[in-house]
Each structure stands twice: as structure tokens, then as C-alpha cells.
Amino acid sequence: MAEVVMSAGSPISGRAPKRDALYLRIRNDLAHRIDRGEYAAGTALPSENELAQIYGTTRLTIRSALDGLIEQGALRVIQGKGAFVCGKTSDQAGAGGVLAGFRESMRRRGHEGSVRLLAKSKRLAGDYYAQFFDIKPDDYLYSIRRLNCIDGVPTSIENTLIPLPTFPTIESVDIAAFSLYETYGILGHPVPRRIRNSASPCSTPTTPACCASMRKAPPSFLNA
């Protein structure tokens with residue numbers, strides 16, 4: 001069972017300090033564990049049932065504890081998959097300059113966007129992509145193929161190549177739960193909004209979508 005440390009101050013006049021509600025103490029404990037990296041960004045928390053066993057309480061109490069972290073943006077709930085860590089609780093205050101992913105962009109336009117992961121694999125960069133990403137030809141790229149849908153209707157297939165020297169731990173992030181822009185941010189390379197706005201990529205099945213400004217900006221990534 002996890003030990004929940006009370007965050008109240010010292011006793012006054014010999015009286016015991018007032019204890020926070022259990023769900024608040026659990027929330028604070030989870031926040032500390034997230035900030036320490038025990039629950040890494042991009043990964044799933046234990047299920048509500050598992051957390052209830054860990055803390056010796058009920059699912060209702062756990063749900064109340066998680067709600068505050070969800071409101072802060074530290075957690076995200078994915079239907080049927082659970083709660084995922086978005087990042088340290090101290091990092092959630094200002095994400096206004098970070099790009100929204102496909103699903104969030106569609107939501108802002110009044111539509112429901114969904115992304116289905118079709119395939120993921122590794123491949124050698126080769127001479128062309130080594131020059132593009134400024135890596136070695138025998139370095140690996142992480143290849144992701146995804147289907148984008150709007151209101152349940154398939155609209156595009158997205159092929160993305162990501163240099164593993166820049167993102168060596170990308171496989172630790174559940175890319176079914178986070179957009180690629182969020183994933184880049186989680187791994188320490190947020191893409192500024194101005195980079196996307198300055199680019200006018202055009203995609204065809206055989207032509208890479210890229211531009212010089214994106215090539216210079218961390219992270220390097222390519223939709224092919």
C-alpha cells in the first residue's frame with residue numbers, strides 16, 4: 001500500500017494539524033510521483049482499481065483524486081485505455097504556443113477527429129534522410145503510419161518519419177493517446193506554432209511534405 005504523506009503544516013499550540021481529505025492527499029501524492037518521473041510522461045497510470053488497491057480506498061475516491069490532475073492538464077483520459085500522463089504538473093501552465101494535434105484541431109472546428117495507428121517500424125535513414133535530418137545514414141528512423149478520420153469518415157493516411165537520435169525514447173510514449181506534436185513536447189522538443197504557420201507542406205503518396213523552416217527547427221520530423 002502506498003504511503004500518502006500529509007502536506008499540512010506543523011501543529012499549532014499542541015493540537016494535531018487538520019488533515020486534507022483523502023482524495024486530495026492522493027492527488028498530491030500522484031502529482032509528486034509524476035513530477036519525480038515515477039509515472040513518466042506519455043505512459044499510462046495504473047487503472048482505477050489498481051490505484052484503489054495501492055492506496056487502500058475506493059474507485060470513487062481515486063476518481064476524485066484524478067479529476068483535479070485532469071483539470072490541470074497533467075493527465076488525459078482515453079476511453080477504454082485509462083489515464084495517461086501528459087507531463088509534470090509544473091509544466092502545464094502555459095502550452096498556448098504549442099501546436100494542437102489533429103484531434104484537437106478538429107474539436108476546435110466542431111468536428112470529431114480520430115486517429116488510428118496502422119503500423120509502426122524502424123528503418124535506416126539512408127543518404128537522403130540522413131542529410132535531411134542531419135544524422136548518419138546508418139542511424140534509424142521511426143516510421144509511423146496513421147489513418148485520420150473526421151466524424152468517423154477516413155480523410156487521409158499520414159506517414160511520418162522521426163529520427164531516433166533526436167527522440168531515442170519515443171517508443172515509450174503511447175502515440176495512440178497523444179498527437180505527434182504532443183509527443184515531441186513530452187520528449188523535450190515542442191514545435192512552436194510559428195513553425196507550422198510558416199510551412200505550407202503538400203503531401204502526395206510519394207513526395208515528402210517539408211520546408212526549410214521545419215528542417216531547421218527542433219524537432220526534425222517529416223511527413224512522407
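Tutor: Let's start with a term: a salt bridge is a side-chain nitrogen of Lys or Arg within 4 Å of a carboxyl oxygen of Asp or Glu. We're looking at a predicted model, where local features need pLDDT of at least 70, side-chain atom pairs count only at pLDDT 80 or more, and totals for chains, interfaces and linings use all residues. Residues are numbered from 1 along each chain as its sequence is written, and side-chain values use heavy atoms, with hydrogens and water left out.

Student: What makes Glu48 and Arg59 a salt bridge?

Tutor: The N to O distance between their side chains is 3.1 Å, and the cut-off is within 4 Å, so the pair counts. Glu48 is in helix H2 and Arg59 in helix H3, 11 residues apart, so the pair links distant parts of the chain. Helices here are DSSP runs of H or I with at least four residues, strands are E runs of at least two, and both are numbered from the N terminus.

Student: Why is Glu48 called partly exposed?

Tutor: Its relative accessible area is 21%. Buried means under 20%, exposed over 50%, and partly exposed in between (1.4 Å probe, protein chains only), so partly exposed is the label. Arg59, with 40%, is partly exposed as well.

Student: Why are H2 and H3 called roughly perpendicular?

Tutor: Helix H2 (residues 48–55) and helix H3 (residues 59–72) pack at about 105°, with axes 9 Å apart. Axes are lines fitted to C-alpha atoms, for helices over the stretch in contact, and angles run from 0 to 180 degrees between N-to-C directions. Under 35 degrees is roughly parallel, over 145 roughly antiparallel, 65 to 115 roughly perpendicular and the rest oblique. H2 and H3 are therefore roughly perpendicular.

Student: How do you know that Ser143 is buried?

Tutor: Ser143, in strand E4 (residues 140–150), has 19% relative accessibility, so it counts as buried. Leaving aside neighbours within four places in sequence, Ser143 is in contact (heavy atoms within 4.5 Å) with Ala119, Lys120, Ser121, Thr160 and Leu161.

Student: What makes Arg146 and Glu158 tie together separate parts of the sequence?

Tutor: Their closest N and O atoms are 2.7 Å apart, in a salt bridge. Arg146 lies in strand E4 and Glu158 in strand E5 (residues 153–163), so the bridge ties together parts 12 residues apart in sequence. Both Arg146 and Glu158 are buried.

Student: Why does Arg36 count as exposed?

Tutor: Arg36 has 53% relative accessibility, so it counts as exposed. Its salt-bridge partner Glu38, with closest N and O atoms 2.6 Å apart, is partly exposed at 43%.
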